[in-house]
Amino acid sequence: MKCRKCKRSAVIKMPRHNTAFCDVCFEDYLLKQVSIAISDDKMFSKDAPVLVAVSGGKDSLALWDVLIKLGYETVGLHLNLGIGAYSETSQQKVETFAASRNLSLITHAYQASYGLGIVEIAKASVRPACSACGTMKRHHFNRIALEKGFPVVATGHNLDDEAARLLGNLLKWQVPYLEKQSPVLSDDGGLWAKKVKPLYRLPEREIAAYCILNRIDYIVEECPMSNGAKMFTYKETLNRLEEASPGAKHQFYFGFLKQKEVLFPSPPPVEDADLCRTCGQPGQSTQCGYCRLIERSTAVTS
Ligand SMILES: [Zn+2]
Ligand SMILES: [Zn+2]
């Protein structure tokens with residue numbers, strides 16, 4: 001198998017583009033996809049540093065690596081969720097990556113702040129672990145970005161994540177979620193840090209290949225708390241479609257982004273946000289979801 005561009009020997013076959021690339025041409029292609037996402041969706045510029053949320057998994061570490069290669073100023077943010085050995089290994093992968101490239105990294109450990117990990121917090125508040133974890137992450141990404149002066153938080157969500165989420169939203173016809181699903185979430189006039197997903201044009205398989213070719217050491221195990229069964233099923237279903245019809249995943253998600261302009265011609269309205277009386281972040285009431293979660297879990301365990 002030869003690279004379609006330069007005729008050297010190919011390292012990856014890409015059925016969805018009906019092509020194959022050598023390591024050099026593959027990296028060119030992948031960096032270009034991220035560049036296109038950043039510029040087409042006006043995610044950020046080189047004028048201000050970007051806060052990159054890094055879990056220690058392949059997507060977020062690949063994202064950080066690519067942003068540095070593209071010449072962006074970045075700082076990593078790692079949340080240690082306090083899930084025993086899994087969280088220790090995750091943090092260690094992130095720290096090793098940052099140290100090897102001399103990058104700045106902010107870490108925040110739940111255990112240190114609350115004396116509780118996410119498992120205990122979710123349990124005490126009687127919330128499913130992934131839902132409590134989402135609330136916690138949103139709060140801390142936003143808080144740390146605003147406190148430290150980062151206008152943008154970038155996360156490692158890829159094409160598979162976005163397509164699976166779309167499938168889930170469509171199966172239940174969750175129209176408000178569909179309206180909000182986007183590679184860029186606005187800052188709602190400065191209330192929030194802007195959230196962006198620069199890898200949304202790239203499937204998981206290509207990001208894994210990038211990590212292997214660049215010897216990026218990441219945590220392979222999935223989070224032990226993720227009951228992710230549903231997301232996993234959606235991804236598996238989409239993978240089967242992709243196998244039968246290469247490009248299906250891309251068509252499905254990008255078709256949606258295009259249709260969105262017709263279905264929802266104006267941007268979602270800025271909700272009247274109340275500011276939380278405890279933490280000051282915007283929410284649906286005077287106590288935000290995060291503060292309710294923390295109040296309940298600390299009350300139960302103290
Ligand atoms: Zn080549
Ligand atoms: Zn709050």
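Student: Which strands does helix H3 (residues 84-100) lie across, and at what angle to S4?
Tutor: H3 lies across S4 and S5, running at about 165° to S4. Axes are lines fitted to C-alpha atoms, for helices over the stretch in contact, and angles run from 0 to 180 degrees between N-to-C directions. Contact means C-beta atoms, placed from the backbone, within 7 Å. Helices (H or I, at least four residues) and strands (E, at least two) are DSSP runs, numbered from the N terminus.

Student: What sort of model is this, and how is it numbered?
Tutor: It is a predicted model: local features need pLDDT of at least 70, side-chain atom pairs count only at pLDDT 80 or more, and totals for chains, interfaces and linings use all residues. Residues are numbered from 1 along each chain as its sequence is written, while chains are lettered from A and ligands numbered from 1 in the order in which they are written.

Student: What's the strand order in the open sheet?
Tutor: Six strands run S5-S4-S3-S6-S8-S7, with mixed pairing. Two strands pair if DSSP finds at least two bridges between them. S5 (105-109) and S7 (184-185) are the edges, each pairing on one side only.

Student: Who pairs with S3 (residues 50-53), and in which sense?
Tutor: S4 (residues 74-80) pairs with S3 in the parallel sense, over four bridges. There, Val50 partners Thr74 and Leu51 partners Val75. S6 (residues 152-154) also runs parallel to S3, joined by two bridges. Val52 stands opposite Ala154 in S6.

Student: Where does H2 come in?
Tutor: H2 (residues 58-69) makes a right-handed β-α-β unit with S3 and S4. Right-handed means that, with the strands pointing away from the viewer, the path from the first strand over the helix to the second runs clockwise. H2 lies across S3, S4 and S6, at about 155° to S3.

Student: Are the S3 faces covered or open?
Tutor: Both are covered. Val50 and Val52 sit on one side, Leu51 and Ala53 on the other, all buried. Buried means 20 or more other C-beta atoms within 10 Å of a residue's own.

Student: Which residues touch the most others in the largest nonpolar core?
Tutor: Val50, Val52, Leu63 and Val153, out of 46 residues. H2 gives the largest share, six residues. A core is a set of buried Ala, Val, Leu, Ile, Met, Phe, Trp, Tyr and Cys residues joined through C-beta atoms within 7 Å. Another core, of 14 residues, lies apart from this one and includes Leu79 and Met136.

Definitions and conventions:
Buried ≥ 20, exposed ≤ 12 C-beta atoms within 10 Å, placed from the backbone. Contact = placed C-beta atoms within 7 Å.
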